[in-house]
Amino acid sequence: AGATILLDLHRDRYSARAEPHRSELAVTAAASLANAVYLMGQQIGIVTNGRDAADRIREEGHRQDFATRNTARETFGMTENSDRLRPVTVPTRRGADQLMRILETLARVELTDGLTFPELVTEAGARLPRDATVVALLPDVPLEAAIALGNLRRRGFAVTAVLMMYEEEDHYPDCMARLMAERVDVRRIEDEAALSNLCAEQV
């Protein structure tokens with residue numbers, strides 16, 4: 001009955017040569033899946049370890065408007081490190097304004113080096129509703145991340161991982177094997193066309 005999206009935006013998991021494509025795909029995937037679940041009339045929420053740009057602007061100041069997220073990153077001297085150790089969260093629920101809250105949040109999130117994905121799962125785990133599927137959006141799956149999702153499954157959650165990577169990437173077989181060993185359902189997207197197919201499956 002609905003979903004809680006766990007979006008991993010830890011900087012270390014995103015290869016520089018795949019940026020900004022992969023992080024933008026991650027944000028787009030989260031928005032598209034949220035919309036698909038919302039259209040079914042189900043509850044939807046999101047939890048991410050990304051940094052809220054509004055928090056950064058409050059800390060660093062802001063004097064310019066930017067047409068795109070990339071222009072803001074390149075033009076504004078962003079602080080690379082973040083000591084934020086709380087996830088950015090839109091609680092899982094139904095409601096007419098729920099999708100808009102999620103989209104507004106996703107429009108502001110950025111890569112950061114705060115919480116790792118396993119730390120995100122630990123921090124958010126107690127507040128995840130058990131009657132909603134956990135959908136983890138991951139650009140990479142180190143062993144600790146697979147175990148964290150496996151632990152959620154063992155606690156009774158329905159868990160699906162969506163990998164944002166190409167099938168020919170060297171570490172793809174290892175990522176798949178780790179998730180399968182934890183008996184976590186896995187999907188893969190490498191572009192927005194694949195994302196459309198994934199959302200169509202859900203609807």
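Q: Why are helix 5 and helix 6 called roughly parallel to each other?
A: In this predicted model, the axes of helix 5 (residues 117-125) and helix 6 (residues 143-154) cross at roughly 25°. Angles under 35 degrees count as roughly parallel (over 145 is roughly antiparallel, 65 to 115 roughly perpendicular, and the rest oblique). Helix 5 and helix 6 are therefore roughly parallel. The axes are lines fitted to C-alpha atoms, for helices over the stretch in contact, with angles from 0 to 180 degrees between N-to-C directions. The two axes also come within 8 Å.

Q: Which handedness does the crossing of helix 5 and helix 6 have, left or right?
A: Helix 5 passes helix 6 in a left-handed crossing. That name applies when the near helix is turned anticlockwise from the far one by less than a right angle.

Q: How do you know which residues of helix 5 and helix 6 meet?
A: Contact means heavy atoms within 4.5 Å. On the helix 5 side these residues are F117, P118 and V121, and they meet E144, A145, A148, L149 and L152 in helix 6. Seven residues of this contact are nonpolar, none is polar and one is charged. Here Glu counts as charged, while Ala, Val, Leu, Phe and Pro are among the nonpolar residues.

A few words on the ground rules: residues are numbered from 1 along each chain as its sequence is written, and side-chain values use heavy atoms, leaving out hydrogens and water. Because the model is predicted, local features need pLDDT of at least 70 and side-chain atom pairs pLDDT 80 or more, whereas totals for chains, interfaces and linings use all residues.

Q: What makes strand 4 and strand 8 edge strands?
A: Strand 4 (88-93) and strand 8 (185-189) each pair on one side only. Pairing requires at least two DSSP bridges between two strands. The open sheet has six strands in the order 4-2-1-6-7-8, with mixed pairing, and its twist averages 20° from one strand to the next.

Q: How do you know that strand 2 and strand 4 pair?
A: Strand 2 (residues 44-48) and strand 4 share four bridges in the antiparallel sense, and at least two are needed. T48 stands opposite V88 in strand 4.

Q: What makes strand 6 mostly covered?
A: Five of the six residues of strand 6 are buried, where buried means under 20% relative accessible area (exposed is over 50%, partly exposed in between; 1.4 Å probe, protein chains only). Strand 6 runs parallel to strand 1, joined by five bridges, with A3 and T133 as bridge partners. Strand 6 also pairs with strand 7 in the parallel sense over five bridges.

Notes. Helix = DSSP H or I, 4+ residues; strand = E, 2+ residues; numbered from the N terminus.
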